[in-house]
Amino acid sequence: MELNDIVFEFIGTDHYDLTPITDGLINTTYLLEDKNQGKKFILQKINNHVFKQPEVIVNNHLMINGILRSNNYQLQIIEPIPSLTHKLLVEDANGQPWRMLSFIENSTTFLTTPSLQTAFEAAKAFSYFLSTINTEKLPAIEDGIPNFLNFEKRVADYKNSVKNADPHLIENAKVEIELTNHLLSLPDLWIEMEKNSRIPKRIIHADVKISNILFDHNHQPLAVIDLDTMMISTLLYDFGTMIQSYTNMTKEDDGSARKNFNPEMYKVVKEGFLFYLKDKLTPKESENLDYAAQVAIYIQELRFLTDYLNGSVYYSTKYPEHNLDRTKNQLELLKGLREYLGCK
């Protein structure tokens with residue numbers, strides 16, 4: 001089944017425009033304009049090497065949308081759009097699943113945070129989203145990516161990648177491997193708190209980067225998007241990845257970046273995150289926010305480095321050292337954060 005056949009399955013016409021959206025790391029995404037209806041949609045091929053059960057992420061999306069609507073959520077909601085045969089997933093000839101989502105007109109996204117005020121509004125929007133979906137009872141959300149937040153496994157995968165990597169990759173990344181090994185115990189407290197249930201289970205977004213907020217022309221949030229990684233875990237991860245995304249003053253693949261951590265951004269993001277969640281967090285969650293920020297950046301760096309050493313089989317890359325540049329960028333970001341927090 002060709003791309004044109006996939007489009008026809010959803011909109012029933014050859015009269016359309018298709019524009020690639022290239023800022024995603026996992027899925028293949030297009031802006032689809034149906035010329036007959038005068039409507040725009042998001043058309044996306046789900047990477048089923050990453051999301052091995054794509055029906056899980058579709059079901060999670062529907063469940064989360066239901067929770068949002070039932071709690072009078074005031075931001076816009078991205079809706080899955082069924083095909084003309086009422087399917088939410090359509091497979092192509094290679095068994096790759098495709099889906100269509102609603103599109104919000106006159107919206108924009110940012111890859112890096114343009115201002116302190118925009119960062120605050122984005123963090124506040126995620127705070128509102130997370131506060132709304134975390135009611136008293138946890139729904140039957142399944143992990144779209146099993147072991148996504150299994151930090152013990154992340155560390156073990158990294159160690160295996162070092163052991164089995166091509167020697168020239170080890171040589172290229174020797175500085176980054178040394179820096180990574182120096183902080184290898186950083187996630188230990190997190191792992192211990194989760195194992196011993198010292199931090200509560202919540203519904204989390206798990207990918208709260210700035211590009212997963214749609215803004216209007218005044219930089220006011222319109223919608224939280226990309227619910228593929230929704231899961232039950234700890235809100236500490238969402239705060240940490242928010243810091244990992246928002247405080248970086250450079251693109252995350254800028255391997256030459258120096259002093260890319262923005263401390264003022266850290267302050268406003270924390271303020272925005274706590275806007276709706278402050279009274280919902282336990283003391284243990286609140287006291288570990290700064291620690292969570294360090295761990296989230298470290299784990300992201302670890303994942304980039306692991307993928308580089310494995311031959312770049314997970315993240316989309318544009319050149320051979322792409323994941324190594326991402327690794328360097330995250331290490332510099334972590335260095336700046338730890339200096340700001342006074343860590344030794």
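In the predicted model, R202 and E285 form a salt bridge in which the closest N and O atoms are 2.7 Å apart. R202 belongs to strand β7 (residues 202-204) and E285 to helix α10 (residues 283-287), so this pair ties together parts of the chain that are 83 residues apart in sequence. Both R202 and E285 are buried.

The structure holds 13 salt bridges. E287 and K284 are three residues apart in helix α10, a separation of about one helical turn. E287 is exposed, at 54% relative accessibility, whereas K284 is partly exposed, with a relative accessible area of 22%. A salt bridge is also formed by K209 and D207, with 3.8 Å from N to O. K209 is partly exposed at 24% relative accessibility, and D207 is partly exposed at 21%.

The protein chain as a whole contains 12 helices and 10 strands. Its radius of gyration is 20 Å, close to the 20 Å given by the globule rule for 344 residues, so the chain is as compact as a globular protein of that length. The C-alpha trace spans about 60 × 50 × 40 Å along its principal axes. Of the 344 residues, 52% are buried. Among contacts between residues at least 6 apart in sequence, 72% join residues at least 24 apart.

The accessible surface of the chain comes to about 16,000 Å², and carbon and sulfur atoms account for 50% of this area. The chain carries 35 positive and 46 negative side chains, and the centres of these two sets lie 5 Å apart.

Notes: Residues are numbered from 1 along each chain as its sequence is written. This is a predicted model: local features need pLDDT of at least 70, side-chain atom pairs count only at pLDDT 80 or more; totals for chains, interfaces and linings use all residues. Side-chain values use heavy atoms; hydrogens and water are left out. Helices (H or I, at least four residues) and strands (E, at least two) are DSSP runs, numbered from the N terminus. The radius of gyration is taken over C-alpha atoms; the globule rule is 2.2 Å times the number of residues to the power 0.38. Buried means under 20% relative accessible area, exposed over 50%, partly exposed in between (1.4 Å probe, protein chains only). Contact means heavy atoms within 4.5 Å. Accessible areas come from the Shrake-Rupley method with a 1.4 Å probe; for residues, only the protein chains shown count as cover. Lys and Arg count as positive and Asp and Glu as negative; His and the chain ends are not counted. The place of a charge is taken as NZ of Lys, CZ of Arg, CG of Asp or CD of Glu. A salt bridge is a side-chain nitrogen of Lys or Arg within 4 Å of a carboxyl oxygen of Asp or Glu.
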